[in-house]
Structure formats: C-alpha cells, structure tokens
Amino acid sequence: MQERDENSTVSYTVENRIAWVSFNRPDKRNCMSPTLNRRMMEVLNELEFRDDVGVLVLTGEGTAWSAGMDLKEYFRENEEKGLGHVRKAQREAYDWWERLRWYEKPTVAMINGWCFGGAYGPLFGCDLAVAAEEAQFGLSEINWGILPGGGASKIIVELTGFRNAMYHAMMGENVDGKKAAEWGLINEAVPADRLKARVTEIAQVLLGKNPTALRGTKWAIRRVREMTFDNSMDYLVRAQEAANFFDGEGRKEATRQFIDDKTFKPGLGAYDL
Ligand code: ACO
C-alpha cells in the first residue's frame, strides 16, 4: 500500500511492512516548521497501530535529512507573536520527538544528508540510525548565537563522550557520517548508494523478531539508561512479566522450537514467528 502526498510536509509509503516516512520540504532542506511538526505527529499516529506496518524508517527528501528548526516559521514568527505561540510551537515539536522515543514499533533513522540542531531530537528518538558517509551532522546553534536547546545538549552528551560533545557544541563544526558513527551518534555509515539497501536489511531483520519482545526491549534499553542497577533489575522483571501478559505464547513457542524441536538457537537467530 502506498500513500504519498507531494504537497505535504511529510510523505510516506508502506512497502512490505516497512513505513518509509520522509521529511518533505526539500526546498527548505526539510527544516521543521510548525506545519511539519503537526503533520509528523499525525503521520506517526496513523502508522503506529497499523497491522501492515512492522518497522518505521524516518528519512528526508532531497539533500537533507533535516536542517533543524525552521528559523523563520518556528522561531522568528512565533517570537513575534509572543510567548504563548513560542510554547505551543515547542510543544508541537517536542511531542512528536517524545512519541518517537516511545514508539510502539522499532524505528530507524536513515540519514541521507544534512542533520542539524533540532534534528538531533528525532535522531535520538529513532532506535537505530544509519547514515550516508557523506551526511553532515552539526550543532550549528553556536554559529547563530543560541545554545543547543530542545534536548540537543542532552542528546549529544547521551550519544557520545564528554570531550566530543563539548567540542561539537562549542565549535559549530560538522562531522560526516563516518565520524558520527565513530562518535556513537549513529550505528553505522555506508556509501550513499548503499543506504536504502542497508536500512532495508536491518528492517527485515527486525520484522523477523517477536514484536512484543522488540517493543519491550527498546523501551527497556531507554529506561535503564537512567536507572541504578537494582532499579533496572526490578524494572526488567516487571517489564518481562507485563510482556508475558500480552504475548505469553511467543516465548513458549520459541522455547519449544529450541528445547523440543531443536530447529533454532536463540544465540544464532530468531525463532519462526
Ligand atoms: N530554517 C529556515 N530555512 C532554512 C533552514 C532553516 N533551518 N535551512 C535551510 N533553509 C532554507 C534556506 O533559507 C533556503 O530558503 P530559500 O530558498 O527561500 O532562500 C532553502 O532552505 C535552501 O537553503 P540553502 O542554504 O540555499 O541550501 P544549501 O544546500 O546551500 O545549504 C544548509 C544547506 C547548509 C543546511 C543551509 O541551508 C543551512 O545552514 N541551514 C541552517 C542549518 C541550521 O543551522 N539549522 C538550525 C539548527 S539550530 C536548531 O535547530 C535549534
């Protein structure tokens, strides 16, 4: 099934259970305007519980993944209208990034080009990230006189080491996909002409896993990052027991295939769903 609205700020297609969602303002390097932020939330909502969607990929049309917040429509125009408008625009952006962080389905950022500032919000929101080697990542805030807000300062510290984070935020210099992978901002960088194929491979692996277990796993990894060891142990017991309530049969079947049928080994791949 395919849905593509060329006039929309967000476009998407669904093919073979992968939802390919694109920032779709290539003329504006896919910078995030309030209109785009509202539309993205609608699209995420539309796709989250569709049975024909197992993985969501977030990418960008044209030469950019996203050039961050729209300096005109998001910042200047709202600041001129007053604090209420500024706060509303912030909420519309932050809300869909949060939705992405806790999305029901696995998400992959496919970074095809420019990725600046506010775009680190959805970058961190996606569970996995693969970029073109030529993609450019930057905290350009310092270059136009603001600090990396909207979570960006926190995100760079979360994703890379202290010295890299400080250098990246203070110097306003970009890093390419290869360096971003070295730093841990993304999982890997591949040549641009391999990008879609590599993301498809990853998505297909994810589609072969138990979806309840995947959701529990990605939420667990995000939650335990901020917990003590003992709190993590407790959370993980409870999370697995809650997952059993939703999908008790999956793990019984996997145990059967391993212990009784001997048709798969959990250490070497996923069981037959
Ligand atoms: N906000 C508003 N408009 C933007 C943005 C943005 N973040 N990024 C690009 N555009 C617009 C440009 O104004 C231009 O509009 P126009 O055609 O009406 O003149 C159009 O997109 C194309 O941009 P160019 O600069 O001509 O494209 P180019 O390919 O030469 O450069 C680049 C791309 C490097 C991404 C450049 O556009 C740029 O520096 N953008 C700003 C990046 C940035 O610092 N983003 C903010 C991060 S901070 C934050 O998000 C909080």
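What percentage of the 273 residues of the protein chain count as buried? In this predicted model, the share of residues that count as buried is 45%.

Confidence in the model was examined next. The mean pLDDT of the protein chain is 95, and 97% of its residues reach 70 or more. Among the elements of the chain, strand S6 (residues 107–111) has the highest mean pLDDT, at 99, whereas strand S1 (residues 2–3) has the lowest, at 50. Where pLDDT is low, the predicted coordinates should not be read in detail. The scores for the model are ipTM 0.99 and pTM 0.94.

The protein chain contains 11 helices and 11 strands. Its radius of gyration is 20 Å, close to the 19 Å that the globule rule gives for 273 residues, so the chain is as compact as a globular protein of that length. Taken along the principal axes, the box filled by the C-alpha atoms is roughly 65 × 45 × 40 Å.

Contacts within the chain were also counted by sequence separation. Of those between residues at least 6 apart in sequence, 67% join residues at least 24 apart.

Definitions and conventions
Residues numbered from 1 in each chain as written. Predicted model: local features only at pLDDT ≥ 70, side-chain atom pairs only at ≥ 80, totals over all residues. Heavy atoms only, no water. Helix = DSSP H or I, 4+ residues; strand = E, 2+ residues; numbered from the N terminus. Rg over C-alpha atoms; globule rule 2.2 N^0.38 Å. Buried < 20%, exposed > 50% of the residue type's maximum accessible area, 1.4 Å probe, protein only. Contact = heavy atoms within 4.5 Å. pLDDT = per-residue confidence, 0-100.
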